[in-house]
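Visitor: I would like to learn how to read a few features of a protein fold. Could you take me through them one by one?

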Amino acid sequence: MGLSDYTNPNDDDTTGNGGGNGGGNGGTGGGNMPPYPGMGGVTGQLDDIKEMLIDYNERFKNADPTLFRDALISQTVSVLIGKNKPNPLLVGPAGVGKTRIAEEIARLIVTKNPLIPAQLAGYTVYELPLSNLVAGAGIVGQLEERLAAIVDFATNKKNKVILFIDEIHQLLDKHDPTLKKVSQILKPALARGDMHLIGATTMNEARAFDNDPAFQRRFSRLIVDELTREQTVAVLFSARASYLTHYKNKVSVSDDVLTKLAVIADENSRASSHRPDNALTLLDRAMADTVVAHSTAIAKATAMGNLAAAQAIQSVATIPLGESKLRAVAVRLMTGLAAKESYDETRVLTELGRIKGQDEIVAELIDALRRDDLGAFPRKKPMAWMFAGPSGVGKTEVAKIIAQELTNQPPIMLNMGEYHSEYDASRLIGAGPGYVGSESDKELPFDTLESNPYRVILLDEIEKAHKVIHRLFLTALDEGWMRMASGKVIDFSKTIIISTTNAARESMNKPLIGFTASNGPRRLTAQELTKALQENFDPEFLGRFSKVIAFAPLSRETYEEILVASYTRERERIVESDPLTAMLIPTSIDADLLARTVQETFLVDQGARPAELAARLLIEDAVLAARFPTAPAIPVVGTAAPLDEDLVTA
């Protein structure tokens with residue numbers, strides 16, 4: 001028994017439509033019919049059904065016209081008047097205006113716009129929020145009864161109903177048997193063409209339809225594209241009046257600021273945000289922030305007893321929304337409380353100065369950071385550098401220093417040797433639907449970027465990772481985002497991605513013709529290095545790095561400098577932590593001993609790594625020689641300060 005059974009057979013279409021538009025008049029008559037289970041009488045039943053629905057005709061009859069969607073609206077209307085499967089499915093990224101299409105169709109119907117054909121004249125667009133449908137349906141069979149009543153209401157031609165379900169992919173969630181049941185009940189009505197249903201979902205979530213081909217066949221898919229920036233500006237101009245009214249004209253927005261707003265929104269939006277929603281959201285939040293800041297200033301002046309200042313602030317009729325406020329709010333929307341750390345270039349130079357033998361590289365990186373700090377060309381993708389060179393020449397250490405000085409945090413460090421299999425991709429982006437671990441809430445390496453996008457990512461020894469892992473980073477390096485297996489999009493646009501590699505070290509170790517100004521061996525150019533690295537990496541992968549830098553092998557002289565610096569640094573640390581022991585350690589290394597140590601420990605392939613161990617051994621030898629003078633002879637290490645016998649005994 002459907003809702004059509006409750007209508008008076010003598011009612012004409014106009015009466016039926018009147019009931020559909022929210023008055024409930026179409027539900028009179030049919031008094032001999034029993035009330036629907038759980039509902040009190042016929043009129044009460046219609047009222048209960050309409051309480052679960054949102055009347056778009058009534059809500060949006062005075063709304064502003066939707067811009068730049070005439071073609072898409074025509075396509076949607078064409079599907080709605082079709083004989084079979086009059087059910088359009090609006091698919092597009094979040095924020096492009098899918099719901100707005102349904103709202104506009106409702107407005108066009110109410111205003112009797114010529115775009116609406118005679119077949120849809122007098123129809124009412126109702127949204128069916130799925131939460132309203134299942135709320136309170138705890139009794140077995142109650143959900144089915146509610147849905148059957150709504151289906152009967154929507155399929156009755158006299159009622160002239162178009163249903164709209166936002167986030168319709170929820171009906172195909174295999175983990176929610178309640179909503180899954182809803183899709184199965186809707187299938188017969190959708191197949192017969194008795195119901196007009198508009199669905200909306202995102203590109204990623206529309207994949208859920210692939211799991212139920214029968215349900216998918218009931219719909220005609222329409223793609224809702226993102227608006228251009230120029231179109232977004234036009235939308236902002238159209239929407240400005242309604243926002244000014246909402247904030248009681250307390251905030252003013254000039255044409256110039258409104259034009260810049262679309263640019264600022266694009267520059268500071270996450271990869272998952274799209275036009276025009278990102279711009280409209282920024283306008284709304286910036287105006288709200290301006291009003292709150294104004295009220296806060298009045299409250300502070302009043303609290304300080306400065307009533308004159310409070311009255312002066314309160315007397316301001318309108319507050320102009322400025323570009324600086326827009327940028328501040330845009331950054332906050334994207335990063336929350338996180339912000340790009342200011343860094344001291346002098347300190348960065350000092351810290352990088354600890355890396356011996358790579359002065360040209362330090363200068364090149366400082367230049368890159370200066371250019372980025374200008375902000376002349378806002379970044380939509382990460383700064384991406386590849387450091388190539390032999391082991392132990394300072395590649396990883398440089399990345400760590402840059403991370404600490406620029407972000408005040410260690411880098412997000414991934415040992416790429418742990419991702420040698422193509423199946424290890426799941427450790428970065430999670431397991432795909434249906435695979436083991438797909439429901440896990442375990443934190444993934446890049447989840448932290450959602451709370452703070454200003455991070456340095458270190459991909460250490462990337463040549464050891466599988467090619468599938470390399471390709472996984474292509475979009476992140478080129479477009480500034482990466483999609484997780486769950487469908488979530490992670491923004492990489494504000495990061496610095498540094499990859500290190502030992503590949504092509506044979507080419508870098510070969511003697512090269514020519515000398516630098518310092519009479520040292522010539523360093524590989526970026527072109528020469530890229531060519532050498534193509535044996536290990538795909539050209540398209542290498543091409544996504546803005547800098548491919550060759551770290552030079554360490555010379556014996558540079559190794560000696562590093563050894564002395566390590567010795568000095570370790571001795572200074574001991575001076576602070578254990579002054580008594582420090583008195584036993586010479587302030588410098590004897591020249592002969594230094595030469596012998598360098599001769600015994602320097603290995604070109606290991607770079608500076610043996611130097612730290614050698615420095616520690618020299619310090620331990622000196623302490624042992626002082627504390628155990630009768631032990632077998634140990635070479636004298638440098639010239640130590642005179643020792644106090646009591647201290648030595650202690």
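Guide: Gladly! Let us begin with pairing: two strands count as paired if DSSP finds at least two bridges between them. Keep in mind that this is a predicted model. Here β9 (residues 383-388) and β14 (residues 496-501) pair in the parallel sense over six bridges.

Visitor: In which order do the strands of the open sheet run?

Guide: The general idea is that strands of a sheet pair through backbone hydrogen bonds, either parallel or antiparallel. In this case five strands form an open sheet, in the order β10-β11-β14-β9-β15, with parallel pairing. β10 (412-415) and β15 (547-550) are the edge strands; each has a single partner, so one side of each lacks a neighbour in the sheet. On average, neighbouring strands here are turned by 15° against each other, direction ignored.

Visitor: Which strands does helix α17 lie across?

Guide: Helix α17 (residues 395-407) lies across β9, β10, β11 (456-460) and β14, and runs at about 170° to β11. Helix α16 (residues 359-374) lies across β9, β14 and β15, with an angle of about 175° to β9.

Visitor: How many residues of helix α5 are buried?

Guide: A residue is called buried under 20% relative accessible area. By that cut-off, 10 of the 13 residues of α5 (residues 98-110) are buried, so the helix is mostly covered. Among the buried ones are I101, I105, L108 and I109. The buried residues of α5 pack against helices α3 (56-59) and α4 (70-80), and against strands including β2 (88-91) and β4 (161-166). Just after α5, K112 takes a positive phi of about 55°.

Visitor: And the aromatic rings: why is the pair of Y559 and F602 tilted?

Guide: A pair of aromatic rings is described by the distance of the centres and the angle of the planes. The count for this model comes to 13 aromatic pairs. For Y559 and F602 the centres are 5.1 Å apart and the planes stand at 50°, so the pair is tilted. Y559 belongs to helix α24 (residues 556-577) and F602 to the loop between α26 (591-601) and α27 (609-627), so the pair ties together parts 43 residues apart in sequence. Both Y559 and F602 are buried. Elsewhere, ring pairs link Y56, F60 and F164 into a cluster.

Visitor: What is the average pLDDT of the protein?

Guide: The average is 79, and 82% of the residues score at least 70. Read residues 512-521 with care, please: pLDDT stays under 50 there. It also stays under 50 over residues 636-650.

Notes: Residues numbered from 1 in each chain as written. Predicted model: local features only at pLDDT ≥ 70, side-chain atom pairs only at ≥ 80, totals over all residues. Heavy atoms only, no water. Helix = DSSP H or I, 4+ residues; strand = E, 2+ residues; numbered from the N terminus. Axes fitted to C-alpha atoms, helices over the stretch in contact; angles between N-to-C directions. Contact = heavy atoms within 4.5 Å. pLDDT = per-residue confidence, 0-100. Buried < 20%, exposed > 50% of the residue type's maximum accessible area, 1.4 Å probe, protein only. Phe/Tyr/Trp six-rings, centres within 6.5 Å; stacked < 30°, edge-to-face > 60°.
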